[in-house]
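Trainee: Please take one part of the surface and look at it closely. I would like to see how that part sits in the whole chain.

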Amino acid sequence: VRKILDTAERLFIEAGYDHASLQDIIDETGLSKGAIYHHFSSKEDIFYSVCDRIGQQNAKILMEVRDNPALNGLEKLRTIFKVSLQPERQAKMFCMMPYLMDNAKFLATEMRSIFQEVVPLFVEPIIRQGIADGSICTNHPKELAEAMMLLSDIWINPIVRPTAPEEIKARCAVYNQLLRGFGITDLID
């Protein structure tokens with residue numbers, strides 16, 4: 001399984017999900033089609049497993065930030081966004097992913113991840129800490145976390161649809177402006 005996932009991840013990064021075929025994965029691993037299908041039902045199934053593995057690696061990093069006692073809520077929020085937007089991590093995902101607007105199932109998976117994992121495990125607890133320590137001001141931490149993540153992961157993210165750099169910069173400026181009312185300043189630099 002690790003060999004299949006390692007190979008598929010490399011091929012998805014090099015060629016993109018749409019251009020890496022199941023036959024490419026079979027050829028590169030040297031495994032038979034039956035061996036691949038013994039573990040995975042489709043290329044899409046392999047892709048989700050690759051994404052889950054990357055997500056687990058990212059979760060470890062995010063947990064370290066969330067659990068860092070030296071940072072207040074706002075500092076943790078800034079740090080989580082900074083590590084999530086590191087160029088090498090973004091480049092890897094950008095190369096792998098099909099545009100989410102072209103694939104409703106992948107878009108739905110991204111939204112499900114926001115509501116079931118990212119918000120409750122990372123962003124909402126950090127916002128609640130920020131409320132407690134006075135660095136963030138809101139009466140609705142869950143809703144703020146959801147809105148923040150939907151805007152950043154769907155509206156700003158160029159993986160959703162092709163977007164010019166100037167448009168992304170403008171969206172980031174509006175995003176920062178929207179969050180200032182909650183005491184969250186310059187989240188995305």
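Mentor: Accessible areas here come from the Shrake-Rupley method with a 1.4 Å probe, and for residues only the protein chains shown count as cover. On that basis the chain exposes about 10300 Å², of which carbon and sulfur atoms supply 55%. This is a predicted model, in which local features need pLDDT of at least 70 and side-chain atom pairs count only at pLDDT 80 or more, while totals for chains, interfaces and linings use all residues. Residues are numbered from 1 along each chain as its sequence is written, and side-chain values use heavy atoms, with hydrogens and water left out.

The part to look at is a nonpolar surface patch made of W155, V174 and L178, with about 250 Å² of accessible area together. Such a patch joins nonpolar side chains (Val, Leu, Ile, Met, Phe, Trp, Tyr) within 5 Å, from residues with over 30% relative accessible area and no salt bridge (a side-chain nitrogen of Lys or Arg within 4 Å of a carboxyl oxygen of Asp or Glu). V174 passes the area cut-off because its relative accessible area is 35%. That value makes V174 partly exposed, a class between buried (under 20%) and exposed (over 50%). For the chain, 41% of the 189 residues count as buried.

V174 belongs to helix 9, residues 165–179. Helices (H or I, at least four residues) and strands (E, at least two) are DSSP runs numbered from the N terminus. The chain has nine helices and zero strands, so its pattern along the sequence reads α-α-α-α-α-α-α-α-α. Its C-alpha atoms fill a box of roughly 60 × 35 × 25 Å along the principal axes.

How values were computed: Patches are made of residues with over 30% relative accessible area and no salt bridge: like charges are joined within 9 Å, nonpolar side chains (Val, Leu, Ile, Met, Phe, Trp, Tyr) within 5 Å. Buried means under 20% relative accessible area, exposed over 50%, partly exposed in between (1.4 Å probe, protein chains only).
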